[in-house]
Number of protein chains: 4
Amino acid sequence: MEKRKNRWQEFLHNESLKRKIYDVIFESDTPAGKLFDICLMLAIVMSILLVVIESTPYLPASIKPYLMVLEYVFTFFFTMEYLLRLYCSPNPKKYACSFFGIVDLLATLPFYISWLFGPARYLMIVRTFRLIRVFRVFKLFNFLSEGNLLLRSLVYSSKKLIVFFLFVVIMVISLGTLMYMAEGQEPGTDFVDIPTSIYWAVVTMTTVGYGDITPITGMGRFISAIVMLLGYTIIAVPTGIVSATMVREQERESHRHCPNCGRSGHPEKAVYCQYCGAELEIQSPD
Amino acid sequence: MEKRKNRWQEFLHNESLKRKIYDVIFESDTPAGKLFDICLMLAIVMSILLVVIESTPYLPASIKPYLMVLEYVFTFFFTMEYLLRLYCSPNPKKYACSFFGIVDLLATLPFYISWLFGPARYLMIVRTFRLIRVFRVFKLFNFLSEGNLLLRSLVYSSKKLIVFFLFVVIMVISLGTLMYMAEGQEPGTDFVDIPTSIYWAVVTMTTVGYGDITPITGMGRFISAIVMLLGYTIIAVPTGIVSATMVREQERESHRHCPNCGRSGHPEKAVYCQYCGAELEIQSPD
Amino acid sequence: MEKRKNRWQEFLHNESLKRKIYDVIFESDTPAGKLFDICLMLAIVMSILLVVIESTPYLPASIKPYLMVLEYVFTFFFTMEYLLRLYCSPNPKKYACSFFGIVDLLATLPFYISWLFGPARYLMIVRTFRLIRVFRVFKLFNFLSEGNLLLRSLVYSSKKLIVFFLFVVIMVISLGTLMYMAEGQEPGTDFVDIPTSIYWAVVTMTTVGYGDITPITGMGRFISAIVMLLGYTIIAVPTGIVSATMVREQERESHRHCPNCGRSGHPEKAVYCQYCGAELEIQSPD
Amino acid sequence: MEKRKNRWQEFLHNESLKRKIYDVIFESDTPAGKLFDICLMLAIVMSILLVVIESTPYLPASIKPYLMVLEYVFTFFFTMEYLLRLYCSPNPKKYACSFFGIVDLLATLPFYISWLFGPARYLMIVRTFRLIRVFRVFKLFNFLSEGNLLLRSLVYSSKKLIVFFLFVVIMVISLGTLMYMAEGQEPGTDFVDIPTSIYWAVVTMTTVGYGDITPITGMGRFISAIVMLLGYTIIAVPTGIVSATMVREQERESHRHCPNCGRSGHPEKAVYCQYCGAELEIQSPD
């Protein structure tokens, strides 16, 4: 018993083994690491397809057990992978709290939860998020930095977007209720209550327009036309916000570096470094 | 009688009482003021939910009286609040004419009007606009300034947007009539008259596309395709307007002037003027 | 007879009468001119409403004759107005060929044509375009210049927009045919022939989405999803074109004037006039 | 036999004949070349119309043989043209691998393939792409350079767009599955399986909104509203990407460098450098 515990302790602190596993699982430069990453990608895609296929009613009953087994296999594989990542990571806590750590955990959990609650199994679809790794695997670092710029633009725009959304929520509630007042008493109306009318207002204002709920009276159609033109205009607002932020971010990125202090962010036409006052090089025409 | 009138006069000019109430109702820095504001927010949200829920036909009849009582309570609370605001405001007239003053009044009026006209009760939904206070309550001044930028961009763009809308109205009337001429005589057509056709033109041009009115002839579909491509392109115009205004506003905001040569165009974090090398004033963090 | 001819000649060259009529019809500064313009606007709006109302099938038969009379009156008024404009204009030919001259003529013609061909009467809707005068009437010159900026932006973007549209036409034909190949043989399909499929491709790509023609097979839905995502992305192209043009136009407009040669168009940071080389004034911070 | 081979050899190396044919087929400056190009354009448009018309079920059976003959004629013409182009091109290999070479080949192939597989005939629609030649025929070189700017903007934006699309794919799979979990068990639901739900998510998020699949429960409608607002916002992202790229490309195009101080940023019409006052080179009108 004592010996077994020792062996366990030894395993937990076997740094060379950890190193080897780390190279395979976390790195993608070595052949083994690359192979592992590609297998992982395939496993993720297949396990997503599995969840999707399983839901179709046309599936012949005879295939179901095989799919079940495959699901067990994939989940076992992902669980082992998660445990190994925890084991070989130099800082397991940090990994567990990182974005990928949480996604990796969420990718295995739904299966175990589904033993208790049936439909939870579909939550396995969270595995999709693991596909973001594809950028790391194929060394698409440039793409990641582009994604970063996108994300940064969205974050910088977020305050404006939140104000915009509060405004949209107020509009949608008011216009939905207005429409209920205009059409709600009509026989054969689709606007049976205010929640339905608010749902209609969202569908219309975002220009989705299912057509499952449509006005039938002249008054209702007139209000609808106003709502549509309103939605048509305010669709310009988030676009304007994001465009303006991207134009700014782009400008900031393309700027020059100071030969003295090395800091970037100088506009095309600057003559002196704005941080240390040193003269900047004349930009050669590109 | 005289005494009672005096007491009333006294109450109306009791400055210390006014001050105390003002601190609770208008300020949100003191604990009492903050508590009041949060209660107010909750009351607003609940009274909106009340209006929404009341409209659903699935509501069991036994609950209705309770909801009725709640509505009385909320309206009484909002009415009292409005009167107190008028009472303790240093300049009641100015408050009554301000945006929030009007919204506060409108939030209580529909209830009283509904004693005369039934459906007016749903106008209580105007209470939604009181939610804009949320920014003040949670000290989201930054957000307000963002909202300000949004609003300013829209105001600066408004002339262009109005011209654009007159153009859209002319297009919609013309294209709707054109479509009526093309499809109106067809048996089984959806384009029964010109107002309906104009409504269709709005639905199509804004890319909402309910599908309750659709062309069935080849000619009609051809015109529709033109209308759609037109709508698809002119959706670019308001977006372009707002984007261009936002890019300009953003630039204007981020610019500083050099104390030596007076030239502007320095980025937010610049320390030295990029034209003459003079030191710039440190921009206070906003 | 000779005398009558002379009177006619006299009338045609009565410059002081022409001047008076010109002041009323073309100018909008004098009280008479303003009154005339406002009456004209009202007449235009009412005659449009007339056309719209006449088309509705719910109209009681007893009212129809009255509407008919009104239509005669309006058309007589517009015809007289057009002839007077031709008469009093200092350069009748130029007026007749101007945008407003053509619209004014088109506003009266359909009525006379409809004596020959029935449905042509609805072409009277072209009167809508006369509403553009509203800017002149209410002295909204600023708005006209804004409209000018809008128009200029569209004209400058037009080459790019034409290239874009040829691309869209090619896409729509190709994708429509592809869809016909994928779904056309299916029993109960909506894709009965290639023109219908092309119409569907336009409806889908512009994100209108009526839903009158929808895919039912897995393959068809997959292609649809691709078409939608494509449409979703290329909607960005015209918006980008117009936005970029507007940003540039805006910049060009807001630039400075040279104290020497008076020409504008200098960027904010310019030191010397780019036309005559004179030193520019330092722009005061606004 | 030998003689015939010689004649063939002679034909293959007859440079003056090649030159003549080249002038007609490839050039569009000579009258013959222009005529040929216009005939070609007409043939392309007519052959596309042919494919489109042939698919309609309303076509009387008596016309079909004539259309068949026309199709043979056009395909023979295009095949001959392709062979002649190969023959007279100074560098046949380069032509065969160029964009137009491949399109020209693809324009003839489907006909021959359709002798083996029926529906492949519709692939002839690829002829649409030959219409791009229209720019060359009508000397719209300016338009081509505009198209180039468009293409370049898209290429420069492509990395960001790819990252954006991976994000959209992940969102669509996740939200589709979420919706299946919310509505899939409901009786009479449209969300019969996960692929259908993912298709719905694409339809909704791109704001197409057919309405063939719509939520019926309150929960489902709430999730839908979230998906719509999400789609409404992220529609801003590709637009922002393309707008920002176009603003930058536009700026880059309009800039010139000073021959004295080397600084860029001079507007198109500038005569003197705005920094050192030196004369700028006159930009040749393009």
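**View 1. Confidence along chain A of the predicted model.** In this predicted model, chain A has a mean pLDDT of 77, and 77% of its residues reach 70 or more. Among the elements of chain A, the lowest mean pLDDT, 60, belongs to helix H8 (residues 134-137), whereas the highest, 91, belongs to helix H10 (residues 194-205). For the complex, the predictor gives an ipTM of 0.77 together with a pTM of 0.80.

**View 2. The helices of chain A and their surface.** The secondary structure of chain A consists of 12 helices and zero strands, and reading along the sequence therefore gives the pattern α-α-α-α-α-α-α-α-α-α-α-α. Of the 286 residues in chain A, 50% are buried, and the accessible surface comes to about 14,300 Å², with 68% of that area belonging to carbon and sulfur atoms. When contacts between residues at least 6 apart in sequence are considered, 53% of them join residues at least 24 apart.

**View 3. The buried side of helix H6 of chain A.** In helix H6 (residues 99-106) of chain A, the buried residues are Gly101(A), Val103(A) and Asp104(A). These residues lie on the same side of H6(A), because they cover an arc of only 165° around the axis. An α-helix has 3.6 residues a turn, so residues three or four places apart point the same way.

**View 4. The start of helix H6 of chain A.** Here, at the start of H6(A), a side-chain oxygen of Ser98(A) comes to within 3.1 Å of the backbone nitrogen of Gly101(A), and Gly101(A) is also one of the buried residues of this helix.

Methods:
Residues are numbered from 1 along each chain as its sequence is written. Chains are lettered from A and ligands numbered from 1 in the order in which they are written. This is a predicted model: local features need pLDDT of at least 70, side-chain atom pairs count only at pLDDT 80 or more; totals for chains, interfaces and linings use all residues. Side-chain values use heavy atoms; hydrogens and water are left out. pLDDT is the predictor's confidence in each residue, from 0 to 100. Helices (H or I, at least four residues) and strands (E, at least two) are DSSP runs, numbered from the N terminus. Buried means under 20% relative accessible area, exposed over 50%, partly exposed in between (1.4 Å probe, protein chains only). The arc is that of the directions from the helix axis to the C-beta atoms. A polar contact is a pair of N or O atoms within 3.5 Å; within protein, one must be able to donate a hydrogen and the other to accept it, and residues adjacent in sequence count only if both atoms are side-chain atoms. Contact means heavy atoms within 4.5 Å. Accessible areas come from the Shrake-Rupley method with a 1.4 Å probe; for residues, only the protein chains shown count as cover.
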